[in-house]
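Here are my notes for someone opening this one for the first time. Keep the viewer open and go through the points in order.

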Amino acid sequence: MHNIWLIVQREYLERVRTRSFIVLTLLIPAIMTVMMVLPAKLATLGQKAQHIVLVTSSRQFGETVRKHLLSAAETSNENQHGSETVARRAAPRQDVIDVDADPTESKRTLLRSEVASGAIDGYLWLTDQAIAAGKVTYYSRSLADFGESSFLSRELNQVILFARLTKDGLAPEQVDQTLKPVKVSSVRIERGREVKGSGGGKFLEVAVMALLLYSAVLFYGISVMRSVLEEKNSRVLEVLLSSATSTELMTGKLFGVAAVGLTQIVVWSVMAGAIALPSLAMNPAYSDLEIHPGVLAAFGIFFLLGYLLYSAMYAVIGAITTTEQEGQQLQFVIVIPLVISLLMMVTVVRTPNTPAVVWMSMVPFFSPLLMFVRIVVQTPPLWQIVLSALLLALTTAGTMVLGARIYRIGILIYGKRPTLPEILKWLKYANA
Amino acid sequence: MLLLLVITVSLKAPIPLPSSAASVELSGVRKIYDEFVAVDDLSFGVKPGTIYGLLGPNGAGKTSTLRMVIGITAPDSGHISLFGQPFERSHLRRVGYLPEERGLYRKMKLLDHLAFLGRLKGLAGPEALKRARHWCEQLGLANWNGKKVEELSKGMQQKVQFIGAILHDPDLIIMDEPFSGLDPANAVVLKDVLLESAKNGKTILLSTHRMDQAERLCSSICLINRGRAVLEGDLGRIKAARGHSHVQIKYEGDSRFLQERRLVESFNDYGNYVEVRLAPGADAQELLRAASASARLTRFELMEPSLEEIFIEAVNGSNA
């Protein structure tokens, strides 16, 4: 135990202290933040306050439209998302809308010259005739972007609809009532209890697990392999073996590197959480993102075990190869089960209880992802969860011991990659 | 240390050795890789406080033997005991090992690295650091304490590795080809440390294929060839048993006398001088007369055979 602890310590400290680790840990979130915030910032930078002239047949209607547009632009519909909204919210602009109730040709010529000279940004030809024809035109120096024109047409339609209905004699309250949109929400029944939610939150949980597992395995698994190769190639292994067993070395290395990966993931998660959660929480699609403590525990257990299993597989690859290139050629052994799990995810989400899915979620190489998906979608019986985790833990331990054995015998052979029969023969050497 | 030790001179049949206080004891050890017999029926014992040399040509099985002693591999048959007890991993804390293939973590700082090796051998962190500092000073590495291993020269890395093997003050020091790759100045430093350790009662088991070094350092040797011991025991006694059967001759001129089959069994020309092995029953005086008849002699010395001669003779004998 003492030796394992020393090795874990060394692996962890030597990695965490490197400049590249510190830079990467801090830089990636910074880059992500910049990538998320910059486009929105740029969009608002480009948008100065607009000065628009509304040309209507009656001043009263013009005022109604003006008010509606201004308030719509300000509150900017909490139900909508998209860059347009983000941009508007980021910096409320002081738009100016003038109303002009004089739709004559001479006025049109005047407005056109004002647009050309830059005195105003554009004008909206909203006469009764234009509305009757169903064809309203916005004139400006540049073509309005998609966000702008869809915003205008959506809001104008609402105002015009309102105007038409009130004109037909309906009271404004009745019109509001009529125009109120219907929102569909779905309710899931879990063990006889109603669980609210549109499914967006569940999807997010599963996606985060898949993404984290996949990237952690690919980032840090490979550094386990690299570190095994380094010890073999620098021949430091033989000195270590005079103090510690190869199983101790392997276990220590695995947990040490895993801890480095976890450190980075925790740092990133905290940073991402601080940045992303507030905006996620505002997004009604994820209103059911209420992470159950059980799900969180399952996430921890299956993520850790899966991460360790795949890292141990990388360690085995490191033990049987002599160069990184060779190791990378063997990576498919790791990537294939990961990809199969990813592909299976969709099926598991749809039908979490068919026998095939149940058994797939017991297979150690798939269970980290698939069992977790099942837990999130529809909690399976406890015995299945426990069995799956147990099989996973046993396989991880087995892979570790296997890797340690090959690792130890590997010191006797340098130069060429052993063939499969040779590896099998090595494993038979009871005490090498 | 008045304990008597049983040394097996004939190694053909393993004699079960009584458990003694020998630091290392091998009896009938055998190691086979696939079909290749790396070590075959090897037995020897190393007395505490001595320097013992494991000699042999490349591929003789020296490294395989040392790896079994340090527990990296286990013998397929036979027994190894350390400090008078059957091998146990707990013994390893009293053993320091310098493998033939040197290796360190390149990115680690020198002191951190040494402290790590020391702690693996059971030293407490601060103590390991203190000793590492002390040894770095002793071996002239003090200015490099904070550097990474990869910044050191090859020779310095060798010294670091050496310190790593002795940092925990082991009772038994096992070194596989300790002098290979060292320049003469550093080799002397290392040799002095080893001699000092032996004087302090530490046991040293080293392998080498350099006979001159073994001859100067070791009190006992085991000569192995093709995994088998061909000669084992106290070096002085081995040489004495061969008698004054060798002559060193330094000469100028005709070397015809070396071809006298009646007098010369074999000779080895070292450039500056020739070492001649006398034919059985030949008289050295007769060779002197023959040599002086044809060449101008500057030296003619009757002597014990050098270890190198013994080595070549033994290896040839066992290969035949």
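Two residues count as in contact if their C-beta atoms, placed from the backbone, lie within 7 Å. This is a predicted model, where local features need pLDDT of at least 70 and side-chain atom pairs count only at pLDDT 80 or more, while totals for chains, interfaces and linings use all residues. Residues are numbered from 1 along each chain as its sequence is written, with chains lettered from A and ligands numbered from 1 in the order in which they are written.

1. Start where the chains meet. The contact draws 15 residues from chain A and 21 residues from chain B. On the chain A side, helix H1 (2-16) and helix H10 (236-241) each supply at least two of the residues that touch chain B. Helices here are DSSP runs of H or I with at least four residues, strands are E runs of at least two, and both are numbered from the N terminus. Sorted by class, that side of chain A has six nonpolar, five polar and four charged residues. Nonpolar covers Ala, Val, Leu, Ile, Met, Phe, Trp, Tyr, Cys and Pro; charged covers Asp, Glu, Lys and Arg; the others, Gly among them, are polar.

2. Now zoom in on H1(A) and helix H2 (residues 110-120) of chain B. They pack at about 165°, with axes 10 Å apart. Axes are lines fitted to C-alpha atoms, for helices over the stretch in contact, and angles run from 0 to 180 degrees between N-to-C directions. Asn3(A), Leu6(A) and Arg10(A) of H1(A) meet Phe116(B), Arg119(B) and Leu120(B) of H2(B). That makes three nonpolar, one polar and two charged residues in the contact of H1(A) with H2(B).

3. H2(B) also has a partner within chain B. Its axis and that of helix H3 (residues 125-138) of chain B come within 8 Å, crossing at roughly 125°, so H2(B) and H3(B) are oblique to each other. Among the residues making this contact are Leu111(B) and Arg119(B) of H2(B), and Gly125(B) and Arg133(B) of H3(B). By class, the contact of H2(B) with H3(B) has six nonpolar, two polar and three charged residues.

4. Back in chain A, look at helix H12 (residues 293-320) and helix H16 (residues 367-377). Their axes come within 9 Å and cross at roughly 175°, which makes H12(A) roughly antiparallel to H16(A). How many charged residues does the contact of H12(A) with H16(A) have? None: it divides into 11 nonpolar, one polar and no charged.

5. Chain B is assigned domain 1 (24-239) and domain 2 (244-303), with bounds from an automatic or database domain assignment. The centres of these two domains of chain B, taken over C-alpha atoms, are 39 Å apart.

6. Last, the open four-stranded sheet of chain B, with order E12-E13-E11-E14 and antiparallel pairing. Strands pair if DSSP finds at least two bridges between them. Strand E12 (264-269) and strand E14 (295-303) of chain B are the edges, each pairing on one side only. E12(B) pairs with strand E13 (residues 274-278) of chain B over five bridges. Helix H8 (residues 284-294) of chain B lies across strand E11 (246-253), E13 and E14 of chain B, at about 160° to E14(B).

Definitions and conventions. Parallel < 35°, antiparallel > 145°, perpendicular 65-115°, else oblique.
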